[in-house]
Amino acid sequence: MTDIDVPALVAALRSRVDGEIRFGDGDRALYATDSSNYREVPVGVVVPHHVEALAEAVRVCSHFGVPITQRGGGTALAGQTTNYAVIIDSSKYCNGFLSIDLEKRLATVEPGITLDEVQKRCKPHGLRFGPDPSTHDHNSIGGMIGNNSAGPHSVIAGVTSHNVESLDILTYDGLRLTVGRTTEAELERFIAEGGRKGEIYARLKALRDRYADEIRRVYPKIPRRVSGFNLDSLLPDGDGAFNLAQALVGTEGTCVTVLRATLNLIPDPPAKVVLVAGFESVCHAADIVCDVRGFGPDAIEGVDERLTDFMRKKHLHVDDLKLLPEGPSWLFVEFGGESRDDALAKARRLEEHLRGQPHVEGLKIVADDHEQERLWKVRESGLGATAWVPGEKHDTWPGWEDSAVAPENLGSYMRDLLALFDRYGYEPALYGHFGDGLIHCRVGFGLHTRQEVDRFRAFLNDAAHLVVRHGGTLSGEHGDGQARAQLLPIMFGDDLVRAFAAFKAIWDPDNRMNPHKVVHPFAVDQHLRLGPRFHPPHLDHVFAYKEDGGSFTHALLRCVGVGKCRRHEGGTMCPSFRATREEKHSTRGRARLLQEMLQGDPLEAGWGDETIHDALHLCLGCKGCKADCPVNVDMATYKAEFLHHHYQGRMRPRAAYSMGLIHRWARWLAPVWWAPNLATRTPVFGRLSRAAAGIAPQRPVPAFAPRTFRRSWAPEPDRGRPPVVLWTDSFNNHFTPEPLFAAAEVLEAAGYAVTIPRANLCCGRPYYDFGWLDAAKRTLKRTMAGLRQELDAGAYVVGIEPSCLSVFRDELPNLFPDDAEAKRLTQRTMLLAEFLEKVARFDPPTLSGKALVHGHCHHKAVFGMGCDAAQIRKSGLDARVLDDGCCGMAGAFGYEADKYEVSLAVFDQGLGATLRDAPPDALLIADGFSCRQQVEQLTGRHAWTLAEVWRDGLRRRSSHTPANRERAPHAAE
């Protein structure tokens with residue numbers, strides 16, 4: 001369809017729909033693809049403010065005859081949510097939890113609500129929604145209804161269609177209905193009423209009666225048949241009723257728009273225990289599934305050795321793998337109970353049954369809640385671990401990622417499937433919902449060349465015939481979309497495929513609801529987002545991207561759309577999305593726009609594109625995605641690279657010159673420290689100086705210390721002790737020198753001769769935030785030269801400011817990948833806790849009381865918090881390492897005038913909420929300078945560095961409090 005009057009459509013939407021109407025090239029590019037292999041640039045995007053506005057958007061589109069595609073979390077793997085249509089995104093606003101009926105165990109929700117939000121609202125009542133796919137923290141209920149999703153607990157809960165009581169729906173031509181279980185008497189009454197509603201029910205009855213025998217004959221009797229439409233739900237049950245809501249679940253937005261859903265809830269066992277069984281091979285694990293089902297578990301999940309190999313290659317939850325027992329492949333079997341003893345008893349019965357059986361190599365019962373959570377991370381890592389695997393010959397893609405058979409056929413099907421993979425030269429990892437006979441995998445299809453695409457198409461054809469021979473289904477969870485719809489005749493035959501078309505036509509006679517998905521589909525190799533037509537331009541780049549073969553293009557293509565960056569809590573990624581709930585401010589959204597820069601249509605401006613710049617503008621550079629993203633998208637680096645090119649020959653924002661050059665300004669102003677303090681703290685000069693610097697007027701500016709650490713500190717004689725260089729970062733040196741004094745004292749107590757760099761060196765951290773990569777490289781060259789003598793003497797470089805030290809572990813090797821000096825500095829740079837734990841083997845002072853530990857984002861992403869946690873455990877502090885995301889300051893970000901409100905929102909949703917509920921006497925430990933500033937400015941609460949806590953503990957232990965040793969000004973100051 002090319003004859004859409006887009007200006008008139010946009011005008012009508014803006015006048016009639018309460019929402020955000022987005023038809024710009026950037027918005028269209030942002031929604032051009034999902035988590036699948038496919039890409040279609042949409043007509044435009046509508047983000048309705050409420051459900052009634054969603055319905056009105058459908059009516060406007062219907063008036064213009066424009067196709068529509070509904071979208072929630074955008075995690076579809078079969079191409080269901082990419083289309084040449086108006087995309088209606090319900091996730092930002094249409095996400096209400098409307099009611100819960102405890103007696104009937106029902107919850108009514110809006111389509112954009114995430115599954116985790118539903119579970120959170122139901123959990124206090126001991127209830128939950130049964131289906132729980134691994135994307136539970138960011139997928140939407142509407143998407144689950146569209147795909148007929150399931151998850152590990154489908155052994156007891158079934159798929160989404162089994163758990164939907166009723167749906168409030170809207171047809172494309174404007175009819176609103178509530179559909180659900182319908183008796184034969186009600187059916188006849190609806191038909192007799194006539195009108196559009198009567199017509200729909202009459203045609204449904206005729207369709208059912210015509211195809212009933214074929215449905216009964218062909219539909220496989222397996223737990224996980226998601227392919228095709230649920231025409232079997234039109235057949236009368238034992239009481240003579242059929243369920244129209246269940247028939248519409250899994251139609252992938254091709255029939256109706258869901259406005260509200262009433263869900264059936266199931267009890268949530270208060271106690272859970274996991275038995276992990278290790279097997280000689282994944283096929284042997286599959287063979288025993290039916291036996292295990294007989295013990296009444298709540299979940300049976302399988303994982304093979306290639307998955308865990310991929311996790312190790314990607315450093316993904318590697319510590320969690322240590323919980324697995326012997327065996328290269330495993331079954332995770334969960335038992336629920338009213339008590340821990342009840343669940344344990346069930347697990348032990350199965351353990352006793354499996355012990356000594358052939359092919360069983362290890363058994364382990366995990367009762368601890370935290371360890372169970374770690375185990376499930378191994379299983380939930382499946383998609384991320386198998387996407388973008390370092391060292392693999394071909395990029396992996398969905399396409400045959402969720403076939404399913406009856407559990408009793410799983411072992412034989414798996415062996416034949418592995419043989420088919422081998423014939424085609426594919427070597428995927430296998431994992432999945434083995435309890436329901438479902439296998440997940442991402443396959444190295446490549447999909448770059450014509451040869452790879454032809455082989456992909458041939459494989460799918462052979463795989464479809466194979467699974468049908470085993471009595472199975474093309475899809476057991478993710479739906480057909482475009483990925484498998486062309487193969488449906490192999491599974492159902494031509495007659496039932498015609499029945500699917502007839503069912504869609506009853507609801508959508510003009511084929512405007514998500515056209516070419518499931519019914520009348522595009523071919524499996526049409527509209528590939530890469531494929532042989534994809535010829536991206538060569539992009540010069542500054543960073544090396546060695547893990548991506550030295551290709552910035554390849555680095556940009558890492559994002560496969562998993563969407564974990566869209567979760568609302570837990571982890572660090574992505575703070576700006578959490579604050580705005582905007583797709584373009586998620587890691588995925590930014591990555592997609594950068595990918596669209598490679599496509600060149602509709603984004604044509606390359607490095608100069610303002611849409612991409614706008615999306616990157618609110619990236620905090622926190623590096624949370626580098627650690628939290630399953631495919632390790634490093635948006636902070638991509639942002640720095642983009643800004644470097646974007647600003648060639650252009651002026652940067654004022655903040656780039658004021659805060660991006662902070663090291664220079666601080667050195668120049670240190671001798672006259674009182675002058676900047678006066679200028680920023682008097683009312684008139686303060687407003688003027690902030691405005692000139694691009695700083696938010698509400699922000700207090702850190703005061704310069706009267707004397708810097710470098711001017712005030714004098715080393716002790718080394719007395720033959722090993723040397724260590726204390727990194728004197730600009731922030732603490734010039735503004736809060738006390739943590740550096742503390743770090744020096746702790747390092748001396750640990751037995752080291754502390755020195756500082758002879759010159760006032762800089763890591764260049766602020767340069768990256770503003771894309772000054774040439775200056776960053778020059779700075780790092782000076783730094784490597786300035787530390788050469790100390791490194792030659794075997795010294796480590798130890799610091800307390802994570803944002804600075806992370807440069808040496810992250811940006812430095814990416815800018816100088818083959819430089820021996822850079823490699824040495826990277827290897828010998830440590831944060832204080834890491835050095836004390838791994839090198840000094842330091843026993844911290846014994847302390848008591850409660851503490852909260854907030855890790856700087858770079859600390860968590862680049863170094864990890866393990867060493868800090870280990871040191872704190874040894875001290876005896878009752879401490880909790882927080883998982884509350886970014887503080888929102890993120891270096892210069894929180895000071896910039898146009899980012900101030902987002903900075904506050906990020907803080908308020910995470911760390912701020914935690915501190916509001918924290919005991920006032922709890923010690924707050926935060927090594928990050930910007931984190932401490934944010935906390936103090938917004939709460940008045942003082943945060944301490946770990947160095948200061950250890951220093952004060954050592955002083956109390958020795959009952960001796962030495963005065964700060966001072967020295968003459970350093971010649972290089």
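Guide: Buried means under 20% relative accessible area. This is a predicted model, and Leu-787 has a relative accessible area of 0%, so Leu-787 is buried.

Visitor: Where in the fold is Leu-787, and what is Leu-787 in contact with?

Guide: Leu-787 belongs to helix H34, residues 773-792. Apart from neighbours within four places in sequence, Leu-787 is in contact with Val-725, Trp-727, Pro-757, Leu-761, Val-797 and Leu-825.

Visitor: Is Thr-829 buried or exposed?

Guide: Thr-829 is buried, with a relative accessible area of 0%. Thr-829 lies in strand S21, residues 829-831. Beyond four places in sequence, the contacts of Thr-829 are Val-797, Leu-805, Phe-808, Arg-809 and Glu-834.

Visitor: Which residues of helix H43 are buried, and what covers them?

Guide: For helices in general, there are 3.6 residues a turn, so residues three or four places apart point the same way. In helix H43 (residues 929-939), the buried residues are Phe-929, Ser-930, Cys-931, Arg-932, Gln-933, Gln-934 and Val-935. Their cover includes helices H31 (730-734), H32 (738-749), H41 (900-909) and H42 (911-917), together with strand S24. After H43 comes Gly-940, with a positive phi near 75 degrees.

Visitor: S24 is named there as cover. What is the strand order of the sheet that holds S24?

Guide: The order is S23-S22-S24, in an open sheet of three strands with parallel pairing. Strands S23 (878-881) and S24 (923-925) stand at the edges with a single partner strand each, so one side of each has no neighbour in the sheet. From one strand to the next the twist averages 20 degrees. S22 (residues 850-853) pairs with S24 in the parallel sense over three bridges, and Val-853 stands opposite Ile-925 in S24.

Visitor: How many salt bridges does a search of the whole structure find?

Guide: Side chains of opposite charge can pair when their charged atoms come close. The search finds 77 salt bridges. One of the pairs is Glu-52 with Arg-176, at 2.8 Å from N to O. Glu-52 lies in helix H3 (residues 51-64) and Arg-176 in strand S9 (residues 176-182), so the pair ties together parts that are 124 residues apart in sequence. Glu-52 is partly exposed at 37% relative accessibility, and Arg-176 is partly exposed at 34%.

Visitor: Which residue forms a salt bridge with Glu-582, and are the two buried or exposed?

Guide: The partner is Lys-92, with the closest N and O atoms 2.5 Å apart. Glu-582 is in the loop between helices H21 (575-580) and H22 (587-599), and Lys-92 is in the loop between strands S4 (86-89) and S5 (97-101), so this pair ties together parts that are 490 residues apart in sequence. Both Glu-582 and Lys-92 are buried.

Visitor: Which residues do salt bridges that share partners join into one network?

Guide: Take the salt bridge between Lys-626 and Asp-634, at 3.7 Å from N to O. Lys-626 is partly exposed at 28% relative accessibility, whereas Asp-634 is buried at 7%. The network joins Lys-623, Lys-626, Asp-634, Arg-765, Asp-810 and Glu-811.

Visitor: What makes the nonpolar surface patch of about 320 Å²?

Guide: Val-684, Phe-685 and Leu-688 make the patch. Leu-688 is in helix H29, residues 683-693. With a relative accessible area of 54%, Leu-688 is exposed.

Definitions and conventions:
Residues are numbered from 1 along each chain as its sequence is written. This is a predicted model: local features need pLDDT of at least 70, side-chain atom pairs count only at pLDDT 80 or more; totals for chains, interfaces and linings use all residues. Side-chain values use heavy atoms; hydrogens and water are left out. Patches are made of residues with over 30% relative accessible area and no salt bridge: like charges are joined within 9 Å, nonpolar side chains (Val, Leu, Ile, Met, Phe, Trp, Tyr) within 5 Å. Accessible areas come from the Shrake-Rupley method with a 1.4 Å probe; for residues, only the protein chains shown count as cover. A salt bridge is a side-chain nitrogen of Lys or Arg within 4 Å of a carboxyl oxygen of Asp or Glu. Helices (H or I, at least four residues) and strands (E, at least two) are DSSP runs, numbered from the N terminus. Buried means under 20% relative accessible area, exposed over 50%, partly exposed in between (1.4 Å probe, protein chains only). Two strands pair if DSSP finds at least two bridges between them. Axes are lines fitted to C-alpha atoms, for helices over the stretch in contact, and angles run from 0 to 180 degrees between N-to-C directions. Contact means heavy atoms within 4.5 Å.
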